[in-house]
Amino acid sequence: MRIRLRDLVERFGGQLVGDPDITVSAIAPLDSAGASHISFLSNSKLRALAAQSQAAALILSPLDDPTVAATYEGARIVTTNPYAYFARAAQYFVSLGETPKPPGIDPSAVVSPEARIDPSAHIGPHVIVEAGAVVGAHAVIDAGCFIGREASIGEGSHLFANVSFHARCVIGARGTIQSGAVIGGDGFGFAVEGGKYIKIPQTGRVLIGDDVDIGASTTIDRGALADTVIEDGVKLDNQIQIGHNCHIGAHTAMAGCVGVAGSARIGKHCTFGGAAMVLGHLEIADNVHISSGSMVSRSVLEPGQYTGFYPLAKNAEWERSAAIVRNLASMREKIRTLEKTIKTLTEQK
């Protein structure tokens with residue numbers, strides 16, 4: 001499948017410089033793109049590489065275009081956000097090569113007669129759909145998925161193989177849940193009596209909005225009494241844990257292995273680097289950005305970038321620094337005593 005540059009610009013916009021009838025078959029990196037490829041420049045540090053690219057066309061910004069155009073001989077699509085343009089173009093290329101899943105229910109699936117499956121939905125092999133569940137129009141449920149009673153899968157959402165989507169949980173339109181994810185498992189709730197743990201029933205739900213992406217083996221616990229809420233446009237990477245009764249604001253993104261303890265409330269448009277941790281019952285404002293590996297141990301009420309880890313160092317250096325940190329409290333008291341002594345001697349003169 002080859003696409004004319006004219007068609008890309010008609011679909012996604014941008015200013016085309018060069019022959020509009022040039023055709024491309026795929027998107028490729030700057031350093032490996034050939035005469036049948038289109039590539040993109042989203043990092044100005046790579047201008048020199050882009051200028052030497054063998055791609056038939058480049059997607060780049062107005063800021064980078066003059067420098068690259070001086071030596072690059074191919075066509076150019078100039079746009080304010082090349083990376084977003086690349087993402088949309090890549091989706092388009094993939095869609096042209098995909099074979100849509102046929103509507104209907106595989107004979108090996110076990111679907112309750114009390115479930116409601118839209119005729120345009122796809123139910124794959126060995127799927128289980130319990131009573132009262134709803135699967136919307138054009139939804140795709142791949143092999144081995146479990147959809148619990150009274151759960152709801154929105155229009156155009158896609159559950160990849162072996163997703164567990166438990167009772168009464170809801171996902172809106174155009175969602176994606178990758179393989180191995182568990183939505184609506186019990187939260188970690190126990191009372192203690194006499195040194196023994198007493199389980200607290202987890203009777204809430206998980207409510208997921210529209211356009212949410214959930215990575216492989218990510219787990220989102222159902223609420224204990226109220227619901228766990230994931231708002232529209234949230235993006236969760238692989239192996240993330242969201243505890244019970246959390247509330248994740250719209251268009252927040254989390255990288256792999258982030259952990260959020262129960263009842264944390266996170267705002268909109270936040271980002272969390274890989275392996276960041278958030279303690280329970282905290283509040284994080286909109287537009288907060290947490291660096292990888294950071295531990296959020298208090299509420300963050302102002303937007304900004306936050307980092308909470310000690311920089312990497314050679315082990316011997318780290319041990320010396322750790323010893324100093326352990327002794328800071330005693331050093332502080334010694335300094336205070338010394339200051340008082342100096343003050344007393346000064347007053348006696």
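Is Phe190 buried, exposed or partly exposed? In this predicted model, Phe190 is partly exposed, at 36% relative accessibility. The legends below place this residue among other aromatic and nonpolar groups.

**View A. Phe188 and Phe190 form an edge-to-face aromatic pair.** The ring centres of Phe188 and Phe190 lie 5.2 Å apart, with 70° between the planes. Phe188 has a relative accessibility of 72% and therefore counts as exposed, while Phe190, at 36%, counts as partly exposed.

**View B. Phe40 and Phe86 form a stacked aromatic pair.** By the ring-pairing rule, the model contains seven aromatic pairs. The rings of Phe40 and Phe86 are stacked because their centres are 4.1 Å apart and their planes meet at 15°. Phe40 belongs to strand S5 (residues 37-40) and Phe86 to helix H4 (residues 82-97), so the pair ties together parts that are 46 residues apart in sequence. Phe40 is buried, at 18% relative accessibility, whereas Phe86 is partly exposed, at 21%.

**View C. Phe12, Tyr85 and Tyr92 make up one aromatic cluster.**

**View D. The largest nonpolar core comprises 50 residues.** Phe165, Ile242, Met254 and Phe272 have the most contacts inside this core. Strand S24 (206-208) and strand S37 (288-290) are the elements that each give two or more residues to it. A second, separate core has 16 residues, including Leu5, Ala56, Ala57 and Tyr92.

**View E. Surroundings of Phe272.** Leaving aside residues up to four places away in sequence, Phe272 touches Thr252, Ala253, Met254, Ala255, Val258, Ile266, Val278, Ile284 and Ile290. Among these contacts, Met254 is listed with Phe272 as one of the residues with the most contacts inside the largest core.

Key: Residues are numbered from 1 along each chain as its sequence is written. This is a predicted model: local features need pLDDT of at least 70, side-chain atom pairs count only at pLDDT 80 or more; totals for chains, interfaces and linings use all residues. Side-chain values use heavy atoms; hydrogens and water are left out. A nonpolar core is a set of buried Ala, Val, Leu, Ile, Met, Phe, Trp, Tyr and Cys residues joined through side-chain atoms within 4.5 Å. Buried means under 20% relative accessible area, exposed over 50%, partly exposed in between (1.4 Å probe, protein chains only). Helices (H or I, at least four residues) and strands (E, at least two) are DSSP runs, numbered from the N terminus. Contact means heavy atoms within 4.5 Å. Rings of Phe, Tyr and Trp (its six-membered ring) pair if their centres lie within 6.5 Å; planes under 30 degrees apart count as stacked, over 60 as edge-to-face and the rest as tilted.
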